[in-house]
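Student: Could you walk me through reading a structure, one feature at a time?
Tutor: Gladly; let us look at it together.

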Amino acid sequence: MKSYDAIVIGIGGIGSAALYHLALRGLRVLGIDRFPPGHDRGSSHGQTRVIRKAYFEHPGYVPLMQRAYELWSSLDAVSPTPLFHPCGLLEVGPPDGLLIRGVREAARRFALPLEELTPRQVEARFPGFRIPDGSASVYEPQGGYLMVEACVRRFVNLATQHSAELAVGSPVQSWQSDGKQVIVHCGDQVYRARRLVVASGAWAGQLLADLNIEFRLLRKHLHWYRTHAASDYLPTAGSPVFFYHTPDGYYYGFPSLDGRSLKVAEHSGGSSMSDPLNPDQSVDIEERRRVENFLQRHLSRVRLDVVHHSVCMYTMTADEHFIVDRHPRYDNVCFAAGLSGHGFKFASVLGEILADLAEHGTTPLPIDFLSAKRFIR
Ligand SMILES: Cc1cc2nc3c(=O)[nH]c(=O)nc-3n(C[C@H](O)[C@H](O)[C@H](O)COP(=O)(O)OP(=O)(O)OC[C@H]3O[C@@H](n4cnc5c(N)ncnc54)[C@H](O)[C@@H]3O)c2cc1C
């Protein structure tokens, strides 16, 4: 039986980062996944992810985001191909709504740069965008996007350069710990390690079943719509990532990376699903209708002509905040789970935190608000 200092189950968005941080520290580490790095069967695919600092969901995320930015930038320093694109983020919504109030509060509390823009200023600066009457608009210059599959591959490549081993195409059936050693079963392979990190995304309910925490899976859609060739939505024309709070829900999207199409999605909504291995890949007609209403009202220069569609999964906790903790019964097991559709931007720092928890049992980063205690009695 092969033996390691640490094993990481799941080398998607978060596990690949944990693998990298553990390998960087000189630990003998094995990353196990059913699918190859950068695959499209979990929650870390679809080209891009929004990254922002003025976090409206909870102020506790801002210090983590500040560290995440440092780590993304150190990752970008080792390659000429950037993972992080700081194109800025335009956020629009009712002045007293959750989004605008939360963003302003986070920016004030942590002295983050945030520009208040009138509708006229938005439309002059970003000609492809419309601001509904009575809405407020703010622009976060440090916002932008990450290239999601490239991030995962970068973490895995760097980890293997630091001697991490991979077991890809290996579904984990089960793991056991006695608090000092863990045994991981993958078909006819069995691995042993002193510590275990579980970062299994939509499969958290299966690999962390003994915690009895309810994770709700949502089927989510990404749509790419055609834009005109000389588009107002090009990053070179200064087009930002955008996030709108509307009476019909939350919608977001990215600049046109290929000059021909633009990715847009609904953050709210989503249909419940149960089997993460076999999500229904079909289009949700009602959801597409809402997205197209959104585009017609707010990004009128996008053509309602879909060029690509993809399905992805959110793994929701009851309060929509992550769970990042040590296992309550086994000191040598830690996990990140229930990232609730907003976790990728934190991958760099969650990797560091999981490596801290695995190596030392604790982390200097402020994660108390993400403790499993809020769900485990
Ligand atoms: C459509 C969509 C848009 C999003 N937009 C944003 C955004 O703009 N900004 C943002 O910050 N976040 C966003 N998110 C959320 C973010 O992408 C996820 O929170 C994050 O990618 C989850 O990473 P993960 O490592 O938990 O899961 P994954 O990346 O899915 O990794 C889990 C891995 O575990 C493996 N695994 C599971 N079980 C087993 C097993 N038994 N054996 C072997 N391997 C196993 C899987 O194969 C998978 O590779 C979005 C999510 C979706 C779906």
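**A strand, its partners and a domain interface**

Tutor: Let us begin with a pairing: in strand 15, the bridge partner of Tyr-244 is Tyr-251. Before going on, note that this is a predicted model, where local features need pLDDT of at least 70 and side-chain atom pairs count only at pLDDT 80 or more, while totals for chains, interfaces and linings use all residues. Residues are numbered from 1 along each chain as its sequence is written, and side-chain values use heavy atoms, with hydrogens and water left out.

Student: In which sense do strand 14 and strand 15 pair?

Tutor: Strands are DSSP runs of E with at least two residues, numbered from the N terminus, and two of them pair if DSSP finds at least two bridges between them. Here strand 14 and strand 15 (residues 249–253) are antiparallel over 5 bridges, and the hairpin they form has 2 residues between the strands. Strand 14 also pairs with strand 5 (residues 89–93), in the parallel sense over 4 bridges. On that side, Tyr-244 is the bridge partner of Val-92.

Student: Why is strand 14 described as largely enclosed by the rest of the structure?

Tutor: Buried means under 20% relative accessible area, exposed over 50%, and partly exposed in between (1.4 Å probe, protein chains only). In strand 14 (residues 241–246), 6 of the 6 residues are buried, so the strand is largely enclosed by the rest of the structure. Both faces are covered: one side has Val-241, Phe-243 and His-245, and the other has Phe-242, Tyr-244 and Thr-246.

Student: How far apart do the C-alpha centres of domain 1 and domain 2 lie?

Tutor: Domain bounds come from an automatic or database domain assignment. That assignment gives domain 1 as 2–44 + 149–215 + 319–374 and domain 2 as 89–141 + 216–316. Their C-alpha centres are 30 Å apart. Taking contact as heavy atoms within 4.5 Å, 16 residues of domain 1 touch 10 residues of domain 2.

Student: What is the area buried between domain 1 and domain 2?

Tutor: The size of an interface is often given as the accessible area lost when the parts come together. Buried area is that loss (1.4 Å probe), summed over both parts. Between domain 1 and domain 2 it is about 1,200 Å², with carbon and sulfur atoms giving 57%.

Student: How many salt bridges does the rule find across the interface of domain 1 and domain 2?

Tutor: The rule asks for a side-chain nitrogen of Lys or Arg within 4 Å of a carboxyl oxygen of Asp or Glu, and it finds 0 between domain 1 and domain 2.

Technical notes
Buried area = accessible area lost by both parts, 1.4 Å probe.
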